[in-house]
There are 2 protein chains.
Amino acid sequence: MDEHAPADHPTKTRIKPGQYVIISLRRMIAEGRLKPGERIGEVATAEALGVSRMPVRTALRTLETEGLVVRLGARGYAARAITASEIHGAIEVRGVLEGLAAHRLARRGLTASEEREFRTCLSQGEAIFADGAFGNGALDLFYTYNLAFHALLVDASGNPSIGAALTRNNQLPFASAAALALDWSDRPSEYEHLLSAHRDHCNVVDAIARRDDDAAERLMREHAWAAVRGEKVFERISASRPAG
Amino acid sequence: MDEHAPADHPTKTRIKPGQYVIISLRRMIAEGRLKPGERIGEVATAEALGVSRMPVRTALRTLETEGLVVRLGARGYAARAITASEIHGAIEVRGVLEGLAAHRLARRGLTASEEREFRTCLSQGEAIFADGAFGNGALDLFYTYNLAFHALLVDASGNPSIGAALTRNNQLPFASAAALALDWSDRPSEYEHLLSAHRDHCNVVDAIARRDDDAAERLMREHAWAAVRGEKVFERISASRPAG
DNA sequence: AGTTCAATTTATGGATCCAATGTCAAGAGT
DNA sequence: ACTCTTGACATTGGATCCATAAATTGAACT
C-alpha cells in the first residue's frame, strides 16, 4: 500500500514516480487539499512532490482525460470541483455497466470453469466473514476479494468495452468498487455494510446461475450503491468542498 | 497544411507537433496503414514523423485512453485489433449509457425549456424527411440532427459521467451515434434506416414526456442498434477494413 | 539436444535544457 | 484620467540525454 506522505520518502522509492504523482494528485483532489479552482502549476507540483516536471506533466494530462482537472488555457491546470451529484452519477454509470455485464452473463450462461471461478471467489469472501472477527487483515482480504469479484464479472462478460468504460469511470473518488473497503477503512465498525455487499455478490451469482438476466442486472445496479449506503460519505464530500 | 515559413500569416495555421502526431496516428490507424496488433515503437514513429520522441509519447498515452492503441507491457504500444465482437460490445455499452440518460430524464421529468429543445430538435429531423427527396445535403442535415439529438439527451440527463463514458466508447468505428449517417453515406438507398431512427427518437421523447422511464430506457437501448440494422456492416468489418 | 541462466541490447521512463507563447504590468500618449 | 502599446516574466511544450528494466539470444550444463 502507498504511504500518504508526499515528501517523506527518501530518494530511493520502489514505486515509480509516474504512478506516485498520479495517486498523490488524486488523493489531494479527493481530500480537498487541492481546492476546486485552485491552479496547479507543473513546477510547483513537481517541487512539492520531489520529482521532475515530466511525471507531473503526464499525470496532469491523464487526470485531464479523467476529468479531475481542467485546463486553464495556457495558464496550466486547475482542480475541478467534484460535487456529490457527480459522484452520484458515476456510481449510477457503474451500476448500469456492471449490470450489463451481469445481464450478458445470465443470458449466455456460465461455462463450467466460469461457474467454478465464481464459486471459488465467493467462498473466499465467505471465509472472511466466517471468522466473525474483523481485523485489519480481514479488511485487506475483503478489499482483494471485492476487486476480484467485480473484475471476474466484468472480465467474464466478454465485452471489453464494459471494462474500458469502467476503468475511466472509477477514477472519481467513491465511484469505484474499491471504495467499499478503501474509503471506509477508518471505520472497522462497518461490518454490516461489507457483509451485505457480500450477500449482494451471492445473490447476483445465483441470479446468473438460474439464467435470470433481468434480476441479475437489477441486483447488480442496486449493488453499485453499496459503498455509499449510510450516506455519510456525501457529508464528507460536501464538507471538504467549499462552493463550486 | 505545409508551412513554408510565412512571415506574418494571419490565420493560425501553425500546426503544433503534438496535434500533428495525434492526427497522423489516428489517420494511420483508421486507414489501416498501421495494422491491428502491429507494434508501435516510440523511436520508430518519431523518426517516421520527423519529430522528437516526446510528442509521440504523449500522443500514444492519449490514444491509449481513447482505446485506439493498447500497451504491450514494457514493449511499447500496438494498434488495437478491432473485431466485430468488440464493435458489438461497444454498441451495447452505448445502449445502456444512453438508456440510462433516457431513464433519468423520464424519471425526473422535462422542464419546459428542455421539452421545447427536444421538440425543436425533432421538428428539424421531421423537416428532413418531409421533403421526401433525400440528397446528399439531406444526409448532412440528418448527420447534424442525429448528433444534436443524442447530445441533447446526454446533456440534459444531468449526469456528466454518461457523456464522459460515451466519449471514450465512441472512438471505435461504428460504435458512435454518428455512424448512422456517416458509415452509410455511400448508400443513399438506406432511407428507411434513417427514417426508422428518427421514429425511434420520437418514441423515446414521447416515453420521456409521459414519464415512462422503463420504456424510455428500453427504446433507447434498442435504438443503439440502428446503425447496424441489416448486419451488412459486420460483413464489411470482417473484410478487415471498414472505411476507406 | 534441451533447458536454464546470464549478459547484452534495446526500448521506455525520467530529468534537464531550450524555445515559444501568452500574460501582466508599467509607462507614455491622447 | 484612461487606454494602448511594448517589454519583461513566468509557464507550458519540445528535444536531448541518461538510467532502468525487460526481452532475447547465446552459451554452458545436465
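The model is a predicted one, and the features below are read from it.

In chain B, 3 strands make up an open sheet, arranged in the order E1-E3-E2 with antiparallel pairing. Strand E1 (39–40) and strand E2 (69–71) of chain B are the edge strands, each of them pairing on one side only. Strand E3 (residues 77–79) of chain B runs antiparallel to E1(B), and 2 bridges join them. Within this pairing, Ile40(B) has Tyr77(B) of E3(B) as its bridge partner. Helix H3 (residues 53–66) of chain B packs on the sheet and touches E1, E2 and E3 of chain B. The direction of this helix makes about 100° with that of E2(B).

Chain B also carries a nonpolar patch on its surface, formed by Ile15(B), Tyr20(B) and Ile23(B). Together these residues have about 240 Å² of accessible area. Ile15(B) lies in the segment before helix H1 (17–30) of chain B. With a relative accessible area of 42%, Ile15(B) is partly exposed, because this value falls between the 20% limit for buried residues and the 50% limit for exposed ones.

Turning to chain A, is His198(A) buried or exposed? This residue sits in helix H9 (residues 191–209) of chain A, and its relative accessible area is 0%, so His198(A) is buried. Leaving aside neighbours within four places in sequence, His198(A) is in contact with Leu122(A), Gly125(A), Glu126(A), Phe129(A) and Tyr145(A).

Technical notes: Residues numbered from 1 in each chain as written. Chains lettered and ligands numbered in written order. Predicted model: local features only at pLDDT ≥ 70, side-chain atom pairs only at ≥ 80, totals over all residues. Heavy atoms only, no water. Patch = residues over 30% accessible without salt bridge, like charges linked within 9 Å, V, L, I, M, F, W, Y side chains within 5 Å. Areas by Shrake-Rupley, 256 points an atom, 1.4 Å probe, with all protein chains shown as cover. Salt bridge = Lys/Arg side-chain N within 4 Å of Asp/Glu carboxyl O. Helix = DSSP H or I, 4+ residues; strand = E, 2+ residues; numbered from the N terminus. Buried < 20%, exposed > 50% of the residue type's maximum accessible area, 1.4 Å probe, protein only. Contact = heavy atoms within 4.5 Å. Pairing = 2+ DSSP bridges. Axes fitted to C-alpha atoms, helices over the stretch in contact; angles between N-to-C directions.
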